[in-house]
Amino acid sequence: MSRTGLRDGTGPDGTGRRWRAGASSGLVAGAAMGAVLHAGLGLMPTIGALVGVETVVGGWAVHLFNSTLFGALFVAVFDRSFFADLRGDVGGCLSLGVIHSALLGVITGGLLLPAAIAIEGATSLPVPTLPVPGLTASFEFGVVIAVAHLVYGVVLGRAFAAFTLAEGAIDWRPPDPANR
């Protein structure tokens, strides 16, 4: 297979490789995001409680499962010829990852979470999220959630680049445009 086939996934197993890369990247990014959520707010029992398992282990299982699915969704959305140039380098993959995670944050936090709470008939999250009451708690909650989604996007984009770009040319920084 040519180097181009390795880079853009057009080889015999390129499509499957991109899907595996997306799911694997989502899992890795989910672990990083989960660490932020767990350390910053202790949210893993809350995440587990959304499916009826109010434990840290249950929360991690639900979170990593969803993160893997959202990694596959990343491929479903951005594996289009329109995004080919962005997927072709590390900086572009990072950008797509951050865009993806920002959209996920809006959709999950603004639509899915309130819907899940309403389905359960609750008026708030099933468990307390912070030990600090008041206005600073709401601000802290929002900041940690935003940072966690940013971490997810950066790690997702970087891991996807590592899994899909040319072998041996992986670096955390995007390539110098003058050397392309």
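Aspartate 79 and arginine 18 form a salt bridge, with their closest N and O atoms 2.9 Å apart. This is a predicted model, in which local features need pLDDT of at least 70, side-chain atom pairs count only at pLDDT 80 or more, and totals for chains, interfaces and linings use all residues. Residues are numbered from 1 along each chain as its sequence is written, and side-chain values use heavy atoms, with hydrogens and water left out.

Me: Why is the pair of aspartate 79 and arginine 18 called a salt bridge?
Reply: A salt bridge is a side-chain nitrogen of Lys or Arg within 4 Å of a carboxyl oxygen of Asp or Glu. The closest N and O atoms here are 2.9 Å apart, so the pair qualifies. By this rule the count is one salt bridge.

Me: Which parts of the chain does the pair link?
Reply: Aspartate 79 is in the loop between helix H4 (56-78) and helix H5 (84-87), and arginine 18 is in helix H2 (residues 14-41), 61 residues apart. Helices (H or I, at least four residues) are DSSP runs, numbered from the N terminus.

Me: What makes arginine 18 buried or exposed?
Reply: Buried means under 20% relative accessible area, exposed over 50%, partly exposed in between (1.4 Å probe, protein chains only). Arginine 18 has 10%, so the residue is buried.

Me: How do you know whether arginine 87 is buried or exposed?
Reply: Its relative accessible area is 15%, therefore arginine 87 is buried. Arginine 87 lies in helix H5.

Me: What does arginine 87 touch beyond four places away in sequence?
Reply: Its contacts (heavy atoms within 4.5 Å) include Asp79 and Phe160.

How values were computed
Helices (H or I, at least four residues) and strands (E, at least two) are DSSP runs, numbered from the N terminus.
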